[in-house]
Amino acid sequence: MAIGTGIVLLVLGLILALDVVQIDLDFIDDSALGTILIVAGILAIVLSLIINAQRSRHTVVEDRVVDDRRPR
């Protein structure tokens, strides 16, 4: 889910940074907000990939058959 959030933040940041949509508010700079969203999106994607790689490495289960039967 964090990968999807990172992609959304990245797209919104690119839209604002490339002036596709301009927000006409005096206290918000479009390009600065776009840059912040781009960095946050990339960070969310990278961290999500790192966490998923670690999680998949630790959940590997080996399939072994152990025969504990004793002869009678």
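This is a predicted model: local features need pLDDT of at least 70, side-chain atom pairs count only at pLDDT 80 or more; totals for chains, interfaces and linings use all residues.

Mentor: Once its neighbours within four places in sequence are set aside, Ser48 is in contact with Ala2 and Ile3.

Helix 1 takes in residues 2-17, and its 16 residues, at 1.5 Å each, should span 22 Å, which agrees with the 22 Å that separates its end C-alpha atoms. The buried residues of helix 1 are Gly6, Gly13 and Leu16. They cover an arc of only 95° around the axis, so they sit on the same side of helix 1. As background, an α-helix has 3.6 residues a turn, so residues three or four places apart point the same way. After helix 1 comes Asp19, whose phi is positive, near 55°.

For the chain as a whole, the protein chain holds two helices and zero strands, and buried residues account for 14% of its 72 residues. Among contacts between residues at least 6 apart in sequence, 59% join residues at least 24 apart. Finally, the protein chain exposes about 6,300 Å², of which carbon and sulfur atoms supply 63%.

Conventions. Residues are numbered from 1 along each chain as its sequence is written. Side-chain values use heavy atoms; hydrogens and water are left out. Helices (H or I, at least four residues) and strands (E, at least two) are DSSP runs, numbered from the N terminus. Buried means under 20% relative accessible area, exposed over 50%, partly exposed in between (1.4 Å probe, protein chains only). Contact means heavy atoms within 4.5 Å. Accessible areas come from the Shrake-Rupley method with a 1.4 Å probe; for residues, only the protein chains shown count as cover. The expected span of a helix is 1.5 Å times one less than its number of residues. The arc is that of the directions from the helix axis to the C-beta atoms.
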